[in-house]
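Subject: Structure handover

Dear colleague,

Here is the structure I said I would pass on.

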Amino acid sequence: MSRSALVGNVTAMLEDAGFLVSERCAIRPKSFDVAARRGEDLVLLKILGNIDAFDGTTGEEMRRLGTYLDATPMVVGLRTRDEDLKPGVVYFRHGVPVFNPDTALDLFVEGVPPLIYAAPGGLYVNIDGDLLADERRERGWSLGQLATELGVSRRTVSKYEDGMNASIDVAIQLEEMFDQPFSSPVEVMDGAEDVRDAEPTPDDPDPESDDEHVVHVLTRAGFTVHPTARAPFKAVSEDDERRRDFMPMLTGHSAFTRSAEKRARIMSSLGEVTQTRSVYFTEDQSKREAVEGTALVSCEELAGIDDPDEIRDLIRDRSQEPSEA
């Protein structure tokens, strides 16, 4: 299957599941392919045939964007160089959960999250330690007796009951032994933080030198500007004053070329899904004030405004506030 067909299939699946899906980010660089929202759930999806193409820089970017946009970064893929991705299994690349289209279908359409995740050494499941301890005591077994039945140490059983995850083989043994499952779903919509190692959000990259004057003006207007490295926009800007009428903002910057117009249109679609404003700062004066929902503001206009509130008003008047999903 071509990557384009795979993106189309995943997009159609999300729409069937009731997600509002953005226009595909068919521009470079791009750290993700589409954004999708259903209610409070917002996901940023990278869709690949071979997930080995997903590198550390892109993973860091997606995790940063997940923090700024309150979204969950995910990768949907078919295979690695060595093997196909197994259905029902969550993998991890650079701190981002990865799974195949069948697992995505179960999660998004059927509402069934995966139970298994891959980690160094094999495949594992979350064990409900409290339930296991209750069942063991009800049966009158000691830690040592259960350890003998499982063929592990007493200390290992104690760790299972304290919340340590178990291999699939152990999970199957427990299920057969007590005639009930003890595994808990992997909370993929929360980034699967319950099974992956806690990792701090990577630092922002430095802004490109051509963007520094825009960053300076926005900072003076009361925004915290988070530059991006591979997103379809140059930065995510957050309102330091947290005003209720001014949501986070996707910003772009360049001469207003045909490519910039395409980028502004994609930003508008992304803004609708991520519930952010979008503004494109142009190096030349344009006769237009917006591209769809993305405000167009020339750097000359920006430089001529001293009052931060005027900058906000200009962006607010020209941009389209996204509707509630």
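Strands here are DSSP runs of E with at least two residues, numbered from the N terminus. By that rule, Met74 belongs to strand β4, which covers residues 72–79. Please keep in mind that the model is predicted.

Met74 counts as buried because its relative accessibility is 0%, and the cut-off for buried is under 20%. Apart from neighbours within four places in sequence, the residues in contact with Met74 include Val43, Leu44, Leu45 and Lys46, as well as Met62, Phe99, Phe108 and Met189. Gly59 sits 15 residues from Met74 along the chain, and their C-alpha atoms are 9.4 Å apart.

Next, the nonpolar cores. The largest has 35 residues, and the members that touch the most others are Phe32, Phe233 and Leu270. Elements giving two or more residues to this core are β3 (41–50), α2 (56–69), β5 (89–93), β6 (96–99) and α9 (258–274). The most comes from α9, which supplies six residues. Domain 1 (3–114) and domain 3 (211–318) each provide at least three residues to this core.

Phe32 has contacts with both Phe233 and Leu270, leaving aside neighbours within four places in sequence. On the same terms, Phe32 is also in contact with Cys25, Leu44, Leu45, Lys46, Met62, Leu65 and Pro232. Leu44, Leu45, Lys46 and Met62 are also among the contacts of Met74.

There is a second, separate core of 25 residues; Met13, Ala17, Val90 and Ala104 are among them.

Regards

Note on methods:
Residues are numbered from 1 along each chain as its sequence is written. This is a predicted model: local features need pLDDT of at least 70, side-chain atom pairs count only at pLDDT 80 or more; totals for chains, interfaces and linings use all residues. Side-chain values use heavy atoms; hydrogens and water are left out. Helices (H or I, at least four residues) and strands (E, at least two) are DSSP runs, numbered from the N terminus. Buried means under 20% relative accessible area, exposed over 50%, partly exposed in between (1.4 Å probe, protein chains only). Contact means heavy atoms within 4.5 Å. A nonpolar core is a set of buried Ala, Val, Leu, Ile, Met, Phe, Trp, Tyr and Cys residues joined through side-chain atoms within 4.5 Å. Domain bounds come from an automatic or database domain assignment.
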